[in-house]
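Here are my notes, for when you have a moment with the model open. I've kept them to numbered points.

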Amino acid sequence: MARISVEVDGIAYEDEVEPRLLLVHYLRDRLGKTGTPIGCDTTNCGACTVLLDGRSVKSCSVLAVQVDGCDITTIEGVSSDGVWHPVQKAFHEEHALQCGYCTPGMVLASIDLLKDDPDPSEEAVRQGLEGNLCRCTGYCNIVRAVRRAAQEMRVTTP
Amino acid sequence: MIPASFDYFRPSTLDEALEVFAGAGEEAKVLAGGQSLLPLLRLRLAYPTAMVDVGRVAELRGVADRGDHVHIGATTTHDEVVRSPIVREHCPLVALATATVADPAVRHRGTFGGSLAHADPAGDLPAVALALDMVFVVRSSTGDRTIPAADFFLDYLESALQPGEILTGVRVPKLGPGWGFHYEKFHRTAQAWATVGVAAAVRQTNGTVEEVRVGLTNMGPTPVRAAGVEAAARGVEAGRNGSLRQAAEQAAEGTDPPADLHAQPDYRKHLARVLTHRALVSASAHRSPQT
């Protein structure tokens with residue numbers, strides 16, 4: 001067993017974990033953060049995407065012991081004081097989800113993308129989200145939502 | 001799936017890592033970003049008894065301009081490589097190919113040295129290492145040694161790294177002015193391995209091709225240098241219709257491509273010729289200004 005201390009969605013945790021425990025299992029089974037789904041379990045689909053020290057990673061491909069001392073943001077930590085993140089709001093308004101399974105990963109990958117590129121073209125959004133699969137194939141609305149969120153974020157944070 | 005159990009070590013210096021690795025037994029593996037290794041563990045295709053996590057060893061990370069070459073530390077992430085002004089200026093082919101590795105989330109974790117040490121002929125970077133004659137810097141408890149890229153890739157997922165040796169970084173020679181570069185990759189989705197990939201570097205003088213280097217991805221159990229293309233392209237007029245196509249016809253010569261769900265060997269050979277042509281044309285068009 002290894003001891004880790006990690007901050008998840010603003011709360012500090014200290015835990016004993018088996019080295020083989022994957023981050024996604026730690027989040028879901030230990031911390032109860034089931035907002036992060038397990039999709040393919042093969043580093044393909046991006047459903048389990050979280051932010052690790054601010055950058056998107058696939059939490060099925062990171063060991064919990066590797067994030068000792070790090071800061072994790074899951075979909076459960078992106079709203080603040082009950083107010084949705086602009087990306088969440090835009091996904092809602094553009095109907096950028098059908099079954100919703102890929103949505104947490106899409107939202108977190110989008111937040112990461114918008115940090116680098118506050119005004120992405122349609123092509124840039126498609127490239128930036130290439131690691132996230134939507135098996136309902138609802139990509140058009142997802143791209144629209146990300147660009148809408150970008151616009152809103154530019155207005156609210158000039 | 002859940003990986004099998006292993007002991008986990010997280011040294012903070014290279015010396016400590018070498019000591020732990022040497023004492024951790026034959027089935028120990030070095031872990032960096034884990035983007036190739038952890039999927040293998042999860043599928044239970046690999047059963048290391050111990051993992052030596054070098055992710056926090058600061059001296060293994062970063063890009064440095066060393067005069068005639070660029071040193072890329074083994075645990076520098078793909079994302080850091082792509083963003084590095086030194087890499088973009090002096091090793092554009094590395095930046096171009098690395099930007100096609102998997103997807104952004106994987107590039108945030110996966111490392112330059114990890115991808116090379118993994119020695120997957122379907123990975124994008126081994127072919128680039130071969131085309132650019134990179135030099136691998138390796139350390140063990142007995143000291144440093146260097147391995148030229150041409151001697152590094154021995155077989156499928158098998159490199160020249162010996163037990164107890166850790167890849168510390170890679171030297172990428174600066175090629176100088178007059179070169180153009182391109183990485184052409186054919187794959188189904190971002191996360192899929194290249195069905196075939198072609199790394200090309202072309203040096204021209206006044207429109208005449210002086211020198212060509214071509215590395216092929218996924219055309220055999222190791223990355224392959226397309227020597228036939230390199231010889232055939234020398235001296236041709238890059239702008240003359242069909243001249244580069246003719247050279248690219250040699251691309252599949254001497255290759256032994258795998259058969260899998262995505263492509264049979266004959267189709268891969270066809271792809272190698274077509275993609276090599278595209279890569280040569282693009283590399284010729286994107287040459288750096290002659291200074």
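1. A definition to start with: two residues count as in contact if their C-beta atoms, placed from the backbone, lie within 7 Å. With that in hand, take the contacts in chain A with a separation of 6 or more: 61% of them are accounted for by residues 24 or more positions apart. Do keep in mind that this is a predicted model.

2. On to the make-up of chain A. You'll find five helices and five strands there, and along the sequence they come in the pattern β-β-α-β-β-β-α-α-α-α. The radius of gyration is 15 Å, close to the 15 Å from the globule rule for 158 residues, so chain A is as compact as a globular protein of that length. Along the principal axes, its C-alpha atoms fill a box of roughly 45 × 35 × 25 Å. As for burial, 49% of the 158 residues of chain A count as buried.

3. Now the contact between the chains: chain A puts in 22 residues and chain B 24 residues. On the chain A side, strand β4 (residues 55-58) gives the most, with four residues. That side of chain A divides into seven nonpolar, ten polar and five charged residues.

4. Chain B is assigned three stretches: domain 1 (7-53), domain 2 (63-173) and domain 3 (179-285). The centres of domain 1 and domain 2 of chain B, taken over C-alpha atoms, are 18 Å apart. Their contact takes twelve residues from domain 1 and 19 residues from domain 2.

5. Which helix gives the largest share of the domain 1 side that touches domain 2 in chain B? Helix α1 (residues 14-23) of chain B does, with five residues. By type, that side of domain 1 has seven nonpolar residues, four polar and one charged.

Technical notes:
Residues numbered from 1 in each chain as written. Chains lettered and ligands numbered in written order. Predicted model: local features only at pLDDT ≥ 70, side-chain atom pairs only at ≥ 80, totals over all residues. Helix = DSSP H or I, 4+ residues; strand = E, 2+ residues; numbered from the N terminus. Nonpolar A, V, L, I, M, F, W, Y, C, P; charged D, E, K, R; others polar. Rg over C-alpha atoms; globule rule 2.2 N^0.38 Å. Buried ≥ 20, exposed ≤ 12 C-beta atoms within 10 Å, placed from the backbone. Domains from an automatic or database assignment.
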